[in-house]
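Hi,

Here is the structure I said I would pass on. Have a look at it first, and my notes follow below.

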Amino acid sequence: MADDEERPQLSAHALAALQSFLSGADPPTSNETEAQPTEEKPDFIPLDNALYKEKGYWDERFEREDAYDWLLHFEGDVQALLGQYVQPSDRILMVGCGNSGFSAELYDHGYKSIVNIDFSEVVIDKMRDKYQDRPEMSWRVMDMKQLQFEPASFDVVIDKAAMDVFMCDIGDVWDPQPHVWTDTFEMCSGISRVLKPTGRFLQISFDQPHFRRRFLDKQEFGWTFAVHNLGVGLGYFLYAMVKTQPGAEETP
């Protein structure tokens, strides 16, 4: 572009959402109609945002933190919209599950065939023990950039603020660092591979469509791309990718 004036700017909501994500603060949800008292939390804010990508940071955090839901909850926030893309009979993969209760909410609403993955063995062990009363839901230690599943093995893949971690050291948002392109491509390529021919990849994020679409909407992944403005919290989005053809096994 010729100059900065021609570029769309980050909205105040997007800036606040990013600040909330990086700080670990609780944003308001659609269920919160009045101010609530702030609950004191341990200080999980790293000195360098790049640490949000490091396994050691998350292991230490999960040792001390029992539960935290990034951005929103299922019930009351995205239940109706997800119901347009997900059926109770679907096999679902939740990437970067962390210690969120989102999968348990899905399970309790009839979506029982869920595989949860996270690269932190600490949190997977804790979550497996915490939700052992939901036997059809499983937990595996796995990097979301290196999915170890057979091709076409899931109907739905859900990412709630997992890819957002790659944006924590993006550099210039208009010219992302090379590793951001690599990380997002590896993640999406793997997801495309494990999705069934008509599978759906659903991503919930604070990132505005102008900035996120470039990572998701690629011909190699073999899916369509749609955006839903969720209207909850600080202004979040659901990106819905639906497979229409096999994804190519290529590198960027």
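A residue counts as buried when its relative accessible area is under 20%, as exposed when that area is over 50%, and as partly exposed in between. Keep in mind that this is a predicted model.

With that cut-off, Phe 215 is buried because its relative accessibility is 1%. Its ring pairs with that of Trp 181 in a tilted arrangement, with 4.8 Å from centre to centre and 55 degrees between the planes. Trp 181 sits in helix H6 and Phe 215 in helix H7 (residues 209-216), so this pair ties together parts that are 34 residues apart in sequence. Trp 181 itself has 29% relative accessibility, so Trp 181 counts as partly exposed.

Thr 182 is also in helix H6 (residues 178-194), and Thr 182 is partly exposed because its relative accessibility is 34%.

Phe 149 and Phe 154 make an edge-to-face pair, at 4.9 Å centre to centre and 85 degrees between the planes. Both partners are buried: Phe 149 has a relative accessibility of 9%, and Phe 154 has a relative accessible area of 0%.

Tyr 57, Trp 58 and Phe 62 belong to one aromatic cluster together with Tyr 68 and Trp 70. Arg 61 lies over the face of Tyr 68, at 5.6 Å from the ring centre.

H2 also turns up in a pocket. The second largest pocket has a volume of about 510 Å³. Its lining has 28 residues, and the closest to the pocket centre are Gly 96, Asp 118, Phe 119, Met 144 and Val 165. H2, strand E1 (92-95) and helix H4 (102-108) each supply at least two of the lining residues. Which classes make up that lining? It has 17 nonpolar, five polar and six charged residues.

Cheers

How values were computed: Residues numbered from 1 in each chain as written. Predicted model: local features only at pLDDT ≥ 70, side-chain atom pairs only at ≥ 80, totals over all residues. Heavy atoms only, no water. 1 Å grid on protein atoms, 1.4 Å probe; cavity = no way out; pocket = protein on both sides within 12 Å on 5 of 7 lines; lining within 4 Å. Points joined across faces, edges and corners; volume = space filled by probe spheres on them. Helix = DSSP H or I, 4+ residues; strand = E, 2+ residues; numbered from the N terminus. Nonpolar A, V, L, I, M, F, W, Y, C, P; charged D, E, K, R; others polar. Buried < 20%, exposed > 50% of the residue type's maximum accessible area, 1.4 Å probe, protein only. Phe/Tyr/Trp six-rings, centres within 6.5 Å; stacked < 30°, edge-to-face > 60°. Lys NZ or Arg CZ within 6 Å of the ring centre and 35° of its normal.
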